[in-house]
Amino acid sequence: MLTVELHVHSALSYDGRDPVDLILEQAAGVGLDAVAITDHDEIDASLEAAERAPEYGLVGIPGIEISSKAGHVLGIGVEEAVPPGLSYGETLDRIRELGGIAVVPHPYQESRHGVMARITREELGSADAIEVYNSRLLTGRANRQAERFARERGLPMTAGSDAHISEMVGQAVTHVDATDRELEAILDAIADGRTTVDGKRTPWRISFRQAAGGVKRRVRNGVSELLR
């Protein structure tokens with residue numbers, strides 16, 4: 001079994017803080033086998049991490065968190081950015097065309113752009129996998145709803161820390177029963193549902209700090225754009 005982190009944000013995300021090297025150091029330090037940086041509508045840091053991961057003894061998984069019209073979707077294993085603003089179905093199609101798998105993160109968390117506020121259960125069921133444990137939780141209810149849905153539909157399940165600071169990388173992981181320690185084997189195992197999940201809550205004080213830091217960075221970036 002390989003231990004994989006599938007949902008991490010770097011400084012390239014509008015609400016992330018840390019560069020690629022700190023994320024890879026943390027991933028290696030907590031004993032992960034593989035990690036995917038999934039920045040919001042940006043892929044350059046993820047591609048850098050995927051290339052440099054072997055230096056840290058890791059498998060690098062390219063990925064991106066896409067802002068579809070319905071909400072957020074993870075494209076795991078893609079090496080090109082999928083544009084934001086597409087419909088939910090178009091987003092899934094683009095991910096698959098690029099050879100990736102479409103994972104829906106925190107689907108029942110409307111305040112964090114979960115898709116279930118805007119799509120049907122049937123549409124959610126068309127994803128390749130469902131993130132059933134996201135460590136940035138308050139009560140855990142949304143995670144339980146996601147897990148219940150995935151089990152009812154027989155969908156592959158994943159977990160992710162949704163870390164926006166490097167210290168939280170590895171808070172939630174997906175254990176993958178892969179045939180070998182290679183990217184394609186990991187993706188195939190996830191798509192086949194050969195996964196189990198494990199995780200713990202991101203401490204509330206850190207979740208709030210991450211959120212506040214994201215707001216400050218968005219404001220700062222907006223001011224910079226206006227001054228150009």
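Helix H1 spans residues 20-29, and its buried residues are Val 20, Ile 23, Leu 24 and Ala 27. Their arc around the axis is only 95 degrees, which puts them on the same side of H1. The helical repeat explains such a pattern: an α-helix has 3.6 residues a turn, so residues three or four places apart point the same way. The model is a predicted one.

What do the buried residues of H1 pack against? They meet strand S1 (2-8), strand S2 (34-37) and helix H2 (44-52). After H1 comes Gly 31, with a positive phi near 85 degrees.

Next, the sheet. Five strands form an open sheet in the order S4-S5-S6-S7-S8, and the pairing is mixed. Strand S4 (63-67) and strand S8 (157-160) are the edges, each pairing on one side only. From one strand to the next, the twist averages 35 degrees. S4 and strand S5 (residues 72-76) run antiparallel and are joined by 5 bridges. Glu 65 has Leu 74 of S5 as its bridge partner.

Two helices pack on this sheet. Helix H5 (residues 141-153) touches strand S7 (129-134) and S8, and its direction makes about 150 degrees with that of S7. Helix H6 (residues 183-192) touches S5, strand S6 (101-104), S7 and S8. The direction of H6 makes about 55 degrees with that of S6.

Now the loop between S4 and S5, where Ser 68 lies. Is Ser 68 buried or exposed? Its relative accessible area is 9%, so Ser 68 is buried. Beyond its sequence neighbours up to four places away, Ser 68 touches Val 73, Gly 85, Leu 86, Ser 87, Tyr 88 and Thr 91.

The whole structure holds 10 salt bridges. One of them joins Glu 48 to Arg 52, with the closest N and O atoms 3.0 Å apart. Both residues lie in helix H2, 4 residues apart, about one turn of the helix. Glu 48 is partly exposed at 35% relative accessibility, and Arg 52 is partly exposed at 22%.

Arg 121 and Glu 152 form another salt bridge, their closest N and O atoms 2.9 Å apart. This pair links distant parts of the chain: Arg 121 sits in helix H4 (residues 121-124) and Glu 152 in helix H5, 31 residues apart. Arg 121 is partly exposed, at 35%, whereas Glu 152 is exposed, at 52%.

Asp 192 pairs with Arg 194 in a salt bridge at 3.1 Å between the closest N and O atoms. Salt bridges with shared partners also join Arg 17, Asp 18 and Glu 167 into one network.

Definitions and conventions
Residues numbered from 1 in each chain as written. Predicted model: local features only at pLDDT ≥ 70, side-chain atom pairs only at ≥ 80, totals over all residues. Heavy atoms only, no water. Buried < 20%, exposed > 50% of the residue type's maximum accessible area, 1.4 Å probe, protein only. Arc of directions from axis to C-beta. Contact = heavy atoms within 4.5 Å. Pairing = 2+ DSSP bridges. Axes fitted to C-alpha atoms, helices over the stretch in contact; angles between N-to-C directions. Salt bridge = Lys/Arg side-chain N within 4 Å of Asp/Glu carboxyl O.
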